[in-house]
Amino acid sequence: MIASLTGLLLWGTTGATLAAAGWKKNRLLIAAGVLLILASPWLLGLLSMPSLATLGLACGVLFKQKLRPALAGWLLLSGLALYSSALGFWAFDVYVLGYAPQVLLIWCAISLALAWQQGHKALAIAWLLALALFPLGVLESANLWDALLDPMAMITGAVALLLSLKSKAD
């Protein structure tokens with residue numbers, strides 16, 4: 001029950017953050033935010049709870065924090081490693097490390113340092129929040145990866161990386 005409420009709150013907050021970020025200038029952000037708020041119960045049922053990284057990335061949009069190429073690449077590589085192993089593309093399952101979160105502390109330290117150094121404070125704070133909330137059991141999953149990374153965060157990293165590469169080519 002608490003996990004479902006937390007999931008609805010996360011989807012709704014992500015939507016509200018995107019809507020607030022585009023309030024006067026970007027109708028696409030407003031539309032995406034409102035759609036996330038309205039669809040949050042459906043999204044929770046379909047996609048489960050978003051990671052706190054997704055919320056951190058949405059807050060970064062609100063606070064005008066750019067997702068720089070190094071951090072975007074880190075999100076993409078982390079997601080590719082996690083999801084390709086979960087789909088069985090390699091013999092080692094990275095997802096299982098989330099059940100013994102002590103092992104993930106190295107990834108967390110790198111991620112937090114990179115996010116902070118790259119100026120994306122919202123993402124760093126979201127990851128710290130995930131580390132703080134996970135032991136309390138208020139998040140949906142017993143796997144720490146689910147609080148730290150999801151496909152939306154990975155795709156956001158991929159899009160930001162592609163856009164930065166495109167702007168350098170122009």
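I began with leucine 133, which is partly exposed at a relative accessible area of 23%. The cut-off for buried is under 20%, so leucine 133 does not count as buried. I am working on a predicted model. Leucine 133 belongs to helix 6. I listed its contacts, leaving aside neighbours within four places in sequence, and got Leu52, Val138 and Leu139. I also took the C-alpha separation from leucine 133 to leucine 144, eleven residues apart along the chain, and it is 10.0 Å.

**Aromatic pairs**

I searched the whole structure for aromatic pairs and found four. I looked at tryptophan 74 and tryptophan 107: the ring centres are 6.3 Å apart and the planes stand at 25°, so this pair is stacked. The angle matters here because planes under 30 degrees apart count as stacked. Tryptophan 74 sits in helix 4 (residues 69-86) and tryptophan 107 in helix 5 (residues 105-117), so the pair ties together parts 33 residues apart in sequence. Tryptophan 74 is partly exposed, with a relative accessible area of 22%. Tryptophan 107 is buried, with 11%.

Next I took tryptophan 107 with tryptophan 145. Their centres are 5.0 Å apart and their planes lie at 65°, so I logged the pair as edge-to-face. Tryptophan 145 is in helix 7 (residues 145-148) and tryptophan 107 in helix 5, so this pair ties together parts 38 residues apart in sequence. Both tryptophan 107 and tryptophan 145 are buried. I noted one aromatic cluster made of Trp74, Trp107, Trp127 and Trp145.

I also looked at a charge over a ring. The charged end of lysine 121 sits over the ring of tryptophan 116, at 4.6 Å from the ring centre.

Not counting residues up to four places away in sequence, leucine 67 touches Leu57, Ala72, Leu75, His120, Thr156, Gly157 and Ala160.

**Helix 8**

I tested the length of helix 8. Its 19 residues should span 27 Å at 1.5 Å a residue, and the end C-alpha atoms are 27 Å apart, which agrees. I listed its buried residues: Ala153, Met154, Gly157, Ala158, Ala160 and Ser164. Seen down the helix axis, these buried residues fall within an arc of 165°, so they line one face of helix 8. On the other side I found Leu162, Leu163, Lys166 and Ala169 exposed. I then looked for the cover over the buried residues, and it includes helix 3 and helix 4.

**Helix 4**

I ran the length check on helix 4 too. The 18 residues should span 26 Å at 1.5 Å a residue, and the end C-alpha atoms are 25 Å apart, which agrees. The buried residues here are Leu71, Ala72, Gly73, Leu75, Leu76, Ser78, Gly79, Leu82, Ser84 and Ser85. They pack against helix 3, helix 5, helix 6, helix 7 and helix 8. Last, I looked at what follows helix 4 and noted glycine 88, with a positive phi near 90°.

Note on methods
Residues numbered from 1 in each chain as written. Predicted model: local features only at pLDDT ≥ 70, side-chain atom pairs only at ≥ 80, totals over all residues. Heavy atoms only, no water. Phe/Tyr/Trp six-rings, centres within 6.5 Å; stacked < 30°, edge-to-face > 60°. Helix = DSSP H or I, 4+ residues; strand = E, 2+ residues; numbered from the N terminus. Buried < 20%, exposed > 50% of the residue type's maximum accessible area, 1.4 Å probe, protein only. Lys NZ or Arg CZ within 6 Å of the ring centre and 35° of its normal. Contact = heavy atoms within 4.5 Å. Expected span 1.5 Å × (residues − 1). Arc of directions from axis to C-beta.
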